[in-house]
Amino acid sequence: MIALDQIKQFEIESTNYCNAKCPGCMRSMYPISDIDNNHLRLDQIEKLTAQLPDPKKIFMYFGGSLSEPMMNPYIYEILEHCCIHYDEVEVDTNASVGKLDTWKALGKLSKEYKNLVFNFSIDGLKDTNHIYRVNTDFDKIMRNLETYIAYGGIAWWKFIVFVHNQHQVEQARQKAISMGCEGFKHMIANRGPDDILVKQDKKMIQYNEEEILYETEIVCKTKKKNFLYIDNRFNLMPCCHLRGSNSEIKVNLNEISLVDALQYQGFKDIENGWNTDDCNFVCKMACGKKRQLSLRGYNEQRISSNQI
């Protein structure tokens, strides 16, 4: 596990609510009962901050492995606190929720502190985005993106490529430029129904599920990047992959200090099992060496002024 003074990043699941029903999400793929009933609170984030030696060296990432951050009614207050106390703050959103006043305020917040970035997860244009981002409204997304940028917000357009939208990558990039996004990034989808997945490049190394299942060589992203995961109930876990699985390992930070939580034996047991026959199944599926070779990362491009 990571020592307190080595932590570089927290991935925060700020709520367990989501407006979308993406077919590749854990909410759709697995039976998860603990959803749509809890939000992380500002006082919990404040408690975390108070226990860190130097928050200004830490990156706070509000992801959506199970949720939509903008569904948290305390999200503005939480992000304002993080902008003040942490180095960088980044939020992933499908952007189909949130009042205009909230988006205006977030744009102003980003402009003031210059360390708040929103990644707008928009997988296509009006005729395609809803195919994967089920239950989202493209017009509302565009309204919220335009509002956030108009009030000074730093935005990236984040595009996952599927069969149905692969012809729109360049169109979306041009739209991101015209709207004033800071950058555009895209990647080939690696999960979801087979009929919407783009065929992998022949140059990609491919392994079947059985080979991955028996993998024991682990390349742990948590250890490599020194980050930890905190869910909406203020549980600390090594990473988001362990959430909601049969191998869920967690310590509640409402009940124990961060220093003590980092010494939890369950975390040590997971790491001790790597490269052995007792290797954790979730570790194999998320961070096995063969699995990592089969995945693609994002192709990122910062948009410069001369491209506009």
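Good morning. The protein chain presented here has 13 helices and 10 strands, these being DSSP runs numbered from the N terminus (H or I, at least four residues, for helices; E, at least two, for strands). This is a predicted model, in which local features need pLDDT of at least 70 and side-chain atom pairs count only at pLDDT 80 or more, while totals for chains, interfaces and linings use all residues. Residues are numbered from 1 along each chain as its sequence is written, and side-chain values use heavy atoms, with hydrogens and water left out.

Confidence comes next. The average pLDDT, the predictor's confidence in each residue from 0 to 100, is 88 for the protein chain, and 87% of the residues score at least 70. Over residues 201–209 the pLDDT stays under 50, and the model has 15 contacts (heavy atoms within 4.5 Å) for them beyond four places in sequence. Residues 304–308 also have a pLDDT below 50. Where pLDDT is low, the predicted coordinates should not be read in detail.

I turn to the interior. Of the 308 residues, 51% are buried, meaning under 20% relative accessible area with a 1.4 Å probe, protein chains only. Beyond four places in sequence, Leu 145 contacts Phe 120, Ile 122, Ala 155, Trp 157, Met 179 and Cys 181.

Methods. Buried < 20%, exposed > 50% of the residue type's maximum accessible area, 1.4 Å probe, protein only.
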